[in-house]
Amino acid sequence: MSTLQSLDIKRRSATTAPSPSVRESAEVAKLIDISKCIGCKACQAACMEWNDLRDEVGHNVGVYDNPADLTPASWTVMRFNEIEVGENLAWLIRKDGCMHCSEPGCLKACPSPGAIVQYANGIVDFISENCIGCGYCVKGCPFNIPRISARDQKAYKCSLCSDRVAVGQIPACAKACPTQAIYFGTKTDMKNHADGRLQDLKSRGYQTAALYDPPGVGGTHVMYVLPYGDRPTDYSGLPANPRISPLVELWKGMAKPVALAGIGLAALLGFFHYVTKGPNEVEEEDEEKARAMADRENGGRS
Amino acid sequence: MASLAPTFGRGAMTNTWGDIKNTNLVVIMGGNAAEAHPCGFKWVTEAKAHNAAKLLVIDPRFTRSAAVADLYMPIRPGTDIAFLGGVIKYLLDNDKIQKEYVLNYTNAAYIVKQGYGFQEGLFSGWNEERKDYDRSSWDYELDEQGYVKIDNTLTDPRCVYQLMKQHYSRYTPEMVERICGTPKDKFLMAAQWMAETSAPDKAMTSMYALGWTQHSKGSQNIRAMAMVQLLLGNIGVAGGGMNALRGHSNIQGLTDLGLMSNLLPGYLNLPVDAEVDYATYIGRRNFKPMRPGQLSYWQNYSKFFVSFQKAMYGKAATKDNEFAYQWLPKLDVVYDVLRAFELMHQGKLNGYICQGFNPLMSFPNKAKLTAALSKLKFLVTIDPLSTETSEFWQNHGRYNDVKPEDIQTEVFRLPSTCFAEEEGSLTNSGRWLQWHWKGADAPGEAREDIRIMADIYRRIRGLYAKEGGTFADPVLNLHWPYRLPDEPTAEEIARETNGYVVESVPDPNDPSKMLLTAGLQLDGFAQLRDDGSTACGCWIYSGSFTERGNMMARRDTADPYDTGLAPNWAWCWPANRRVLYNRASCDAQGQPFNPKHRLVWWNGSRWTGPDVPDFVVTSKPSDGMGPFIMNAEGTARLFTRGMLREGPFPEHYEAMEAPIANPLHPKVSANPVARVFPGDRATFGTAADFPYVATTYRLTEHFHYWSKHTKINAILQPQQFVEIGEALAREKGIKAGDWVRVRSKRGDIEAVAVVTKRIKALQVDGRTVHTVGLPIHWGFVGQTRKGYATNTLTPFVGDANIETPEFKAFLVNVERLSAPSV
């Protein structure tokens with residue numbers, strides 16, 4: 001949301017300038033322990049409170065989920081799914097929101113310089129004043145998270161409370177969670193904590209319990225403890241193996257270098273042109289031609 | 001609360017929130033702690049994370065609590081006693097009881113009178129004409145000195161243990177499945193899990209709430225689990241207990257201060273008509289010990305009562321005028337909310353001051369309530385919010401279909417402050433009195449409730465003083481010592497509630513010293529006297545505001561023995577004891593049953609430990625005093641004598657509206673002494689017309705009918721819905737998101753359908769029974785979308801002992817709508 005904070009930027013969309021690298025910052029992560037989550041939505045309320053967001057008072061669409069989906073004003077929502085596991089029932093409740101990927105598809109896709117940044121601590125943040133509302137981040141996200149506001153044509157999503165984290169506070173959702181289902185700390189600590197949780201879950205019969213930290217996006221800075229780790233998609237469509245869309249990869253991997261090469265080539269040719277022919281000067285003949293062209297374009301008005 | 005006091009002696013959650021982390025097994029039945037008490041539920045997650053505890057959830061619906069449970073099983077609404085009776089049988093048959101505990105700390109060995117019996121659904125003493133019991137045979141056999149006879153071998157056929165065994169012999173696992181619809185193997189698994197906690201070093205905690213109380217036999221639901229916990233030796237121990245989770249933040253305070261129409265503060269009783277003078281009143285309350293060497297603490301009743309009267313009437317309460325006894329109202333019948341509305345409906349009650357209460361939404365049969373309110377001359381509401389009750393006369397289409405022009409009731413709305421806009425104490429479930437400070441000024445003309453009431457009182461008093469009137473004495477003589485009479489402060493009232501010395505009392509051993517000095521705050525209720533020298537507004541709260549200051553304002557989180565008790569955080573009644581009956585956590589010799597989680601112990605000369613001993617600290621174990629010091633027996637009651645109206649043992653009765661006749665005794669299917677007014681019988685439906693069981697409940701996103709006034713809560717759960725199981729939905733062609741109409745004999749509502757796997761059709765007594773879930777939070781005012789009062793549907797029937805209405809089990813029908821009517 002904002003650049004007025006003291007976090008170092010590691011990556012910046014559509015920018016090649018080097019990032020500051022003197023300060024050392026540990027990577028942070030939020031660990032959402034689904035086995036402790038009761039779906040109370042205190043995290044949603046805290047998110048609204050801290051970020052001054054008020055979505056519409058919506059409708060019930062036949063499920064507990066409300067708001068029914070992420071919106072520009074709902075950066076996190078609980079998603080509820082009922083499944084049968086053997087003869088038992090499971091009510092899988094997942095807090096959905098930005099995963100803060102180590103390899104953020106949104107940032108890679110973003111063509112606007114500095115509209116999406118990744119801080120050195122791993123948080124991926126949208127810098128609204130640079131956002132042009134093109135929607136490429138939506139295409140680039142393997143988790144279907146960003147939403148474009150119809151009001152201001154800008155993209156919004158969870159900031160992992162980068163403003164709070166910057167001053168040593170934990171995200172609002174983690175602060176509000178009554179059952180400590182949301183943990184926050186360094187990524188290393190969170191993985192260690194998850195190990196203990198997995199042991200406990202396995203001792204209670206959840207043999208496939210697993211940590212969700214998908215390698216396809218380089219790991220994430222929001223991780224889940226999944227009691228049924230072998231079936232992530234049952235958690236309201238959590239992708240089993242998320243990857244950045246091939247189109248974005250194409251844009252970044254091949255097309256973008258080619259395009260950049262094209263821009264470079266044009267500059268180079270311009271340079272040689274200048275060296276060999278001298279500065280381009282507009283001559284009266286050219287001005288005439290331009291005027292005639294403009295007249296045609298404007299239907300004769302001038 | 002009406003069931004815990006007859007069993008243990010005090011009507012309150014036995015343990016404390018933080019102590020739940022010490023448990024081995026959490027049983028959530030008759031409640032949904034994750035949903036309704038999400039913050040307290042953190043202690044369940046603590047127990048699971050750090051004490052390897054298991055969580056067992058038994059509920060008609062797979063709830064948010066069930067979502068994180070180790071084991072869940074369904075049960076048909078209104079059949080908890082059948083289930084728990086089955087558990088009692090299992091424990092007795094398999095000898096899975098904590099024997100030393102049961103023998104020493106319960107009345108299992110006590111001999112019951114000849115003449116007590118149970119047959120065909122009725123206990124001895126039934127009077128068909130009066131539709132009530134003569135309870136005289138539900139009592140003990142006494143010896144020549146007036147003590148109860150006992151048989152420590154537990155073999156006498158008339159001892160409580162044997163009678164209990166006989167009573168529950170009918171509750172086989174097959175019968176449990178037939179009545180409750182819980183598969184037999186699941187039931188046996190639950191019974192086995194509970195049975196494991198009969199080991200002296202294991203504990204189980206029972207967390208329950210309105211899922212047990214809101215039934216026509218609510219008190220007995222709780223009694224059944226209390227018996228299970230006694231047999232397992234789980235009362236008075238760390239991680240054990242009967243933990244009644246209170247809904248409103250100060251509802252425990254309401255009960256403690258006696259805001260029931262038949263109580264005075266501190267669980268004292270308002271006199272009844274027959275108690276014509278103080279001597280008769282107090283003579284009926286001598287609480288003589290029923291076994292040798294027992295404390296029977298209620299023997300001090302007169303001290304609590306006289307000190308209360310001194311707080312009420314000051315100098316005007318004297319020995320000569322029976323300490324103003326005659327200024328108290330005397331009851332002919334109990335005037336609970338159901339009766340008040342019945343009288344209003346009959347036109348006999350014409351004015352109503354409704355403070356912090358929204359009965360139009362929260363009491364049964366909205367149509368009857370509206371008719372009753374419409375007959376009033378005046379209605380005064382005192383509330384921070386604009387409640388439906390205060391707008392009952394407004395037409396809101398189908399949501400409140402009234403004709404304002406036909407309603408003559410004059411309504412006055414007095415806006416009050418909400419908790420963050422005032423100072424004071426709140427009492428939580430765990431009996432903690434926590435002081436809080438004002439965070440913001442109230443908007444507009446809102447005033448604190450204390451100020452509103454003081455103003456009303458001062459004006460009424462002024463009228464009596466000027467014009468006289470019938471029975472002016474209690475009004476004119478009220479003790480009103482506040483610095484600003486129109487604005488008593490919370491602190492002044494807290495000091496008065498704690499109590500103070502009225503007249504100095506010299507030390508009988510050394511006349512040069514004072515035992516009590518006039519004007520000083522009391523240290524605790526042990527100092528109370530019945531000669532008028534002390535005043536105390538609520539004896540159990542004595543100790544909360546002493547000469548050492550406001551104990552409720554303490555904020556020390558230190559927890560020296562890591563017990564979860566935090567003894568210097570706020571203050572807890574009685575006497576800052578965090579776990580009631582904690583003497584029972586030790587064996588007969590005074591040593592802890594569970595050395596890992598110790599609360600108190602006998603150190604050779606006195607009782608000590610991290611908790612305040614709920615005992616006489618110098619009473620040697622060999623003196624044989626029992627741990628349930630409030631009871632005249634000194635023990636807890638498996639058999640409650642005549643204290644509850646249905647009988648001394650809980651018996652399964654069907655709800656007033658039920659899909660089947662009671663398989664145990666079809667002729668006496670429902671609770672024979674449930675609270676039903678004659679005119680309401682015609683409003684009960686039958687399974688032929690209303691084939692589905694309905695149950696009402698709350699959602700985490702909302703708090704009763706308050707939070708719908710808050711934008712954020714409205715966003716989180718914006719619109720009324722009903723929950724329907726997949727099987728019933730298929731049968732009726734209902735899809736998630738469709739509109740449905742739910743109808744009972746009393747009215748109908750319309751809402752969006754949530755179709756779910758979480759409500760299963762159950763096989764009950766050879767047939768399929770579907771349950772329909774009805775969350776309650778919507779109404780016709782607030783920020784959510786408008787919805788119907790769920791109490792349009794609920795029956796006007798109450799528990800036999802405390803008149804709590806039956807919101808958890810009644811009958812409805814369901815149909816699909818193509819569109820809502822409005």
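The model is predicted. In chain A there are eight helices and 11 strands. Of the 302 residues in chain A, 39% are buried.

**Chain A: contacts and a three-stranded sheet**

- Counting contacts in chain A between residues at least 6 apart in sequence, 64% link residues at least 24 apart.
- An open sheet of three strands in chain A has the order E1-E5-E6, with antiparallel pairing.
- Strand E1 (9-12) and strand E6 (124-126) of chain A are at the edges with a single partner strand each, so one side of each has no neighbour in the sheet.
- From one strand to the next, the twist of this sheet averages 30 degrees.
- Three bridges pair E1(A) with strand E5 (residues 116-119) of chain A in the antiparallel sense.
- Opposite A:Arg11 stands A:Gln118 in E5(A).

**Chain B: a five-stranded sheet**

- Chain B contains an open sheet of five strands, ordered E3-E2-E1-E8-E9, and the pairing is parallel.
- The edges of this sheet are strand E3 (71-73) and strand E9 (242-244) of chain B; each has a single partner strand, so one side of each is left without a neighbour in the sheet.
- Neighbouring strands here are turned against each other by 20 degrees on average, direction ignored.
- Strand E1 (residues 25-29) and strand E8 (residues 204-208) of chain B run parallel and are joined by four bridges.
- B:Thr205 in E8(B) is the residue opposite B:Val26.

**Chain B: helices H8 and H9**

- Helix H9 (residues 184-196) of chain B lies across E1, strand E2 (54-58), E3 and E8 of chain B, and runs at about 135 degrees to E2(B).
- Helix H8 (residues 173-180) of chain B has buried residues B:Val176, B:Glu177, B:Arg178, B:Ile179 and B:Cys180.
- These buried residues of H8(B) pack against helix H5 (80-93) and H9 of chain B.

**The contact between the chains**

- Chain B contributes 35 residues to the contact, and chain A contributes 31 residues.
- On the side of chain B that touches chain A, at least two residues come from each of helix H3 (42-51), helix H4 (64-67), helix H21 (711-716) and strand E29 (747-756) of chain B.
- The residues on that side of chain B comprise 19 nonpolar, eight polar and eight charged.

Note on methods: Residues are numbered from 1 along each chain as its sequence is written. Chains are lettered from A and ligands numbered from 1 in the order in which they are written. This is a predicted model: local features need pLDDT of at least 70, side-chain atom pairs count only at pLDDT 80 or more; totals for chains, interfaces and linings use all residues. A residue is buried if 20 or more other C-beta atoms lie within 10 Å of its own, exposed if 12 or fewer, and partly exposed in between; C-beta atoms are placed from the backbone. Two residues are in contact if their C-beta atoms, placed from the backbone, lie within 7 Å. Two strands pair if DSSP finds at least two bridges between them. Axes are lines fitted to C-alpha atoms, for helices over the stretch in contact, and angles run from 0 to 180 degrees between N-to-C directions. Ala, Val, Leu, Ile, Met, Phe, Trp, Tyr, Cys and Pro count as nonpolar, Asp, Glu, Lys and Arg as charged, and the others, Gly among them, as polar.
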